[in-house]
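Good morning, everyone. Please bring the structure up on your screens. I'll walk you through a few of its features.

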Amino acid sequence: MLSIDKAQYIGVYATTSSLALFGVSLVGSTAPQGGGLYLNQSTLDWTRGALDGGGANQGGGIYAKTGSVLELTDVSMCSNDATTDGGAIYGDMTNISLTNVSIADGSAGRGAGVGVVGVCVAGLVRVAAGG
């Protein structure tokens, strides 16, 4: 398992890209937007991973910007915090699919788990949120 620990400016940044992550953990990353991951017109397919302790103004864990596609399967998201929107995930006109995803102990001004604006398409299967 690859682990990126305490990155000071976004764990992963992608613009007009396609990413596939398997068994990756991002821990304690912070940034103005998307503490762990920042996506701009990009596709992310992430299987079996963890995103813990991220922090940002928007999208403490993940910030997905216009035109991005976010697919998470078997991912744990814990203690991700945003000052304004989307503690774990912030989506701005994106497609979001979550399968077997747990979201816990995050905080935000709005949407401690997932915050969205614009027209977002969301698919949720076996998603646990709480704490």
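Two strands count as a pair if DSSP finds at least two bridges between them. Keep that cut-off in mind. One more thing before we start: this is a predicted model.

Let's take one pair. Strand E2 and strand E5, residues 37-40, run in the parallel sense, and they share 4 bridges. Look at Val-12.

Now widen the view. Which strands make up the open sheet, and in what order? There are 5, ordered E2-E5-E8-E11-E14, with parallel pairing. At the edges sit strand E2 (12-15) and strand E14 (114-117), and each of these pairs on one side only. On average, neighbouring strands in this sheet are turned by 5 degrees against each other, direction ignored.

Next, the aromatics. The structure has 3 aromatic pairs. Start with Tyr-38 and Tyr-63. Their ring centres are 5.3 Å apart and the planes stand at 0 degrees, so this pair is stacked. Tyr-38 belongs to strand E5 and Tyr-63 to strand E8 (residues 62-65), so the pair ties together parts 25 residues apart in sequence. Tyr-38 and Tyr-63 are both buried.

Tyr-63 also pairs with Tyr-90. That pair is stacked too, at 5.1 Å centre to centre with 20 degrees between the planes. Here the link runs from Tyr-63 in strand E8 to Tyr-90 in strand E11, 27 residues apart. Why does Tyr-90 count as buried? Because its relative accessible area is 5%, and buried means under 20%.

On to the loops. Ser-42 sits between E5 and strand E6 (43-52). Buried or exposed? Ser-42 is buried, at 1% relative accessibility. Its side chain reaches the backbone oxygen of Asn-40 at 3.0 Å. Beyond its neighbours within four places in sequence, Ser-42 contacts several residues, including Ala-14, Thr-15, Gly-67 and Val-69.

Two other loop residues deserve a look. Ser-79 lies between strand E9 (69-78) and strand E10 (81-85). Its phi is positive, near 60 degrees, and Ser-79 is not a glycine. Ser-79 is partly exposed, with 30% relative accessible area.

Then Met-93, in the loop between strand E11 (89-92) and strand E12 (95-99). Met-93 has a positive phi as well, about 55 degrees, again without being a glycine. Its relative accessible area is 43%, so Met-93 is partly exposed.

That's the tour. Over to you for questions.

Definitions and conventions
Residues numbered from 1 in each chain as written. Predicted model: local features only at pLDDT ≥ 70, side-chain atom pairs only at ≥ 80, totals over all residues. Heavy atoms only, no water. Axes fitted to C-alpha atoms, helices over the stretch in contact; angles between N-to-C directions. Buried < 20%, exposed > 50% of the residue type's maximum accessible area, 1.4 Å probe, protein only. Polar contact = N/O pair within 3.5 Å; in protein donor to acceptor, adjacent residues only side chain to side chain. Contact = heavy atoms within 4.5 Å. Phe/Tyr/Trp six-rings, centres within 6.5 Å; stacked < 30°, edge-to-face > 60°.
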